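Visitor: I'd like to learn how to read a model like this one. Could you take me through it feature by feature?

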Amino acid sequence: MIKFWKKRLEGSVLTENLEVDSELEKIKKELKNTITKKFAGSLAIRMVDSGSCNACEAECNALSNPYYDLERLGIYFVASPRHADVMLLSGVMTLNMLPHAKDAYEQMSSPKWVITLGDCTSEKCPIKNSFAIAGKIDESFRVAYHIKGCPPEPKDIVLGLLDFLRSRR
Amino acid sequence: MRLIARFAKDKKTHFEVITVYDKKTDVEVVEKANPMVQSIAKRFPTAIWFERKIYDDFGIKMEGSFDERPLLHQERFPRNIHPMLKGFKEKNLELGETLAYNYEKIDGDGIFEVSVGPIHAGIIEAGHFQFSQAGEDILHLEVRHFYKYRGIEKSLEGLSLKEARPIIERISGNESIAYQIALLDIQMQASHGSLPLTVQKRNALLLEFERVIHHVTDLGFIANDAGFAPALTIGSKLSEDARRWMKKLTNSRFGFGAITLEITPIELDSFTLYLDALKKEIEWFERWIIDIPSLWDRFDTTGILSIRKTIKYGTVGVVARASGRVLDRRLNQFYSDHGFIMAGANSGDVAARFLVRIDEIKNSLLMMRNFLDNEKEEVLYEHLYDGEYNSFVESSLGELFMHIELKEGKIERFFVRDPSFINWQALHVMMDGNIIADFPLINKSCDLSYAGNDL
């Protein structure tokens with residue numbers, strides 16, 4: 001492990017080193033404040049993939065890398081819907097996943113919100129008219145917010161979450 | 001002989017069941033009245049998912065099959081429909097009544113079952129694992145997928161290759177470049193043309209870059225699943241750097257829309273510097289991680305897939321190469337001219353799959369330097385000829401097989417066999433003698449796609 005600590009000491013903190021614009025820094029601060037005020041310090045997200053290509057999941061995983069380090073803003077991806085404030089839905093809603101996604105939503109305690117992630121959850125979805133897809137997501141869930149992109153980049157997801165938080169009263 | 005794929009076609013007057021092996025292709029003509037063919041699953045165990053899928057898709061029965069449960073059509077999926085029949089036109093299906101699925105299980109005193117999924121605790125795709133447990137020991141695992149079954153094969157029918165492209169490149173986000181290369185290959189075959197060397201090199205560059213991104217991400221996650229988080233910090237950092245470069249090269253962090261006949265110039269100098277820096281990082285990573293005994297304690301002898309089982313199940317990709325099998329679609333003149341050396345190991349355990357990934361990253365970086373080129377060459381093609389075309393590409397997960405039949409310039413039948421479709425079926429074999437706490441580690445060491453598998 002000495003090699004590791006040597007490397008750590010030689011390197012610097014990446015989260016500061018990032019070529020981020022000051023805008024993102026400001027947004028991150030704002031995000032942290034909003035979460036502290038409106039969600040008692042933390043926003044818990046349960047991610048549910050209902051038929052994505054895995055790119056949206058990869059980008060959500062990227063949110064924990066040293067560049068974004070989402071958790072320091074008080075936003076957590078949690079292991080159970082019972083711990084979650086928000087269900088983050090990615091991908092088309094397949095017939096096979098619909099009952100399970102509904103199940104997960106019912107397990108969440110109120111107040112709860114559904115945020116859809118990526119173009120597959122909107123009318124921009126490239127797969128049209130498939131028998132295996134259970135229609136539009138907003139027919140089955142009340143969607144509070146949509147984050148667009150294919151896939152939305154980590155920065156877009158952070159911005160989207162902030163915008164969602166702003167819209168809560 | 002290795003089974004690559006088995007799939008069917010609705011030819012209006014009859015069905016065709018096509019079986020693709022590495023050395024030959026069989027086509028069986030099947031009557032429409034009471035359609036039935038001989039199952040080959042006793043000789044080729046991975047045929048079973050193909051055959052269950054053929055029944056769900058077309059209603060063709062398998063004589064002598066040992067497993068006739070539905071595969072794609074789950075508990076609430078509408079019953080008695082076979083959507084891949086040409087006559088099936090419905091778009092809006094409603095969920096049906098629940099029909100229970102009988103999981104494979106082992107009975108006995110004190111043996112219990114553990115159900116995991118389809119929604120997992122992390123940020124992972126949807127799929128289900130059913131364990132039969134004796135305490136910590138895994139006695140049996142059934143992998144049950146197709147929760148993400150989007151009906152992609154059917155929704156591509158009737159589209160031109162151009163219209164189909166945005167969907168095909170999004171079948172599996174981690175392998176987008178590989179899928180695009182297979183599609184372009186089929187497009188070139190159908191135009192009776194061939195790709196100039198410059199375009200081949202650019203495509204190969206991006207394919208190797210996709211492999212590097214996939215593998216560095218895995219190096220972090222595999223170690224993390226053994227409780228060693230620092231590796232994830234480094235792996236995810238390297239993966240983010242690489243995705244940002246992918247965006248510079250292709251305008252998408254996943255290379256969506258990247259594979260074209262055009263060559264977009266890239267900044268050779270800065271990209272070369274980046275590749276050199278990444279090479280140094282990987283070499284450092286290897287020296288560092290090889291020295292963590294507690295990690296190798298978890299990796300060594302965990303999740304072994306023997307060479308015998310590798311051959312029996314016909315596994316592909318890293319999973320096959322780490323078990324001593326010489327199998328890689330890049331074993332050809334073009335790749336060896338650019339420095340390809342197949343990575344491999346013999347122990348077939350998590351450690352072997354981890355080390356093969358490191359070796360592949362190093363080799364891919366070397367090849368990428370040889371593929372770097374901004375030279376342009378014009379490709380002309382005017383007409384796509386009807387016919388049946390096959391393409392094979394070594395994606396980051398293994399051998400990808402794509403089949404497209406064109407009729408009047410439109411897709412008559414689209415079939416793709418993701419490498420994961422084979423490897424998922426061999427996963428339960430690796431559980432022998434392991435404890436359930438090692439399942440995530442073994443699973444991650446294979447890193448299989450759910451989206452590509454489910455279609």
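Guide: We'll go through a sheet, a helix, a chain contact, a domain contact, a helix pair and a hairpin.

Guide: This is a predicted model, where local features need pLDDT of at least 70, side-chain atom pairs count only at pLDDT 80 or more, and totals for chains, interfaces and linings use all residues. Residues are numbered from 1 along each chain as its sequence is written, with chains lettered from A and ligands numbered from 1 in the order in which they are written.

Visitor: Sheet to start with, then. In what order do the five strands of the open sheet in chain A stand?

Guide: Strands of a sheet pair through backbone hydrogen bonds, either parallel or antiparallel. Here the order is E2-E1-E3-E4-E5 of chain A, with parallel pairing. E2(A) and E5(A) (143-147) stand at the edges with a single partner strand each, so one side of each has no neighbour in the sheet. On average, neighbouring strands are turned by 30 degrees against each other, direction ignored. Pairing requires at least two bridges found by DSSP; E1(A) and E2(A) have three, and Leu43(A) has Ile75(A) as its bridge partner in E2(A).

Visitor: Which strands of the sheet does H6(A) touch?

Guide: H6(A) packs on E2, E4 and E5 of chain A, and its direction makes about 150 degrees with that of E5(A). Helices (H or I, at least four residues) and strands (E, at least two) are DSSP runs numbered from the N terminus. Angles run from 0 to 180 degrees between N-to-C directions, and axes are lines fitted to C-alpha atoms, for helices over the stretch in contact.

Visitor: Why is helix H4 of chain A largely enclosed?

Guide: A residue is buried if 20 or more other C-beta atoms, placed from the backbone, lie within 10 Å of its own. Eight of the eight residues of H4(A) (55-62) are buried, so the rest of the structure largely encloses this helix. Charged Glu57(A) and Glu59(A) are among the buried ones. Their packing partners are E1, E2, E3, E4 and H6 of chain A, together with H6 (229-250) of chain B.

Visitor: How many residues of chain B are in contact with chain A?

Guide: Contact means that two C-beta atoms, placed from the backbone, lie within 7 Å. By that rule, 46 residues of chain B touch 45 of chain A. H6(B) gives the most to chain B's side, with five residues. That side divides into 23 nonpolar, ten polar and 13 charged; Ala, Val, Leu, Ile, Met, Phe, Trp, Tyr, Cys and Pro count as nonpolar, Asp, Glu, Lys and Arg as charged, and the others, Gly among them, as polar.

Visitor: What about domains in chain B?

Guide: Bounds come from an automatic or database domain assignment, which gives domain 1 (1-99), domain 2 (103-144) and domain 3 (152-454). Between the centres of domains 1 and 3, taken over C-alpha atoms, there are 28 Å. Their contact takes 13 residues from domain 1 and twelve from domain 3.

Visitor: At what angle do H12(B) and H14(B) pack?

Guide: Two packed helices are described by the angle between their axes and the distance between the axes. H12(B) (350-371) and H14(B) (439-446) pack at about 35 degrees, with axes 9 Å apart. Val350(B), Arg353(B) and Phe354(B) of H12(B) meet Leu441(B), Ile442(B), Ser445(B) and Cys446(B) of H14(B).

Visitor: And the hairpin?

Guide: E10(B) (398-407) and E11(B) (410-417) pair in the antiparallel sense over seven bridges. His403(B) stands opposite Phe415(B). Two residues lie between the strands, and Glu408(B) takes a positive phi near 50 degrees.

Notes: Buried ≥ 20, exposed ≤ 12 C-beta atoms within 10 Å, placed from the backbone.
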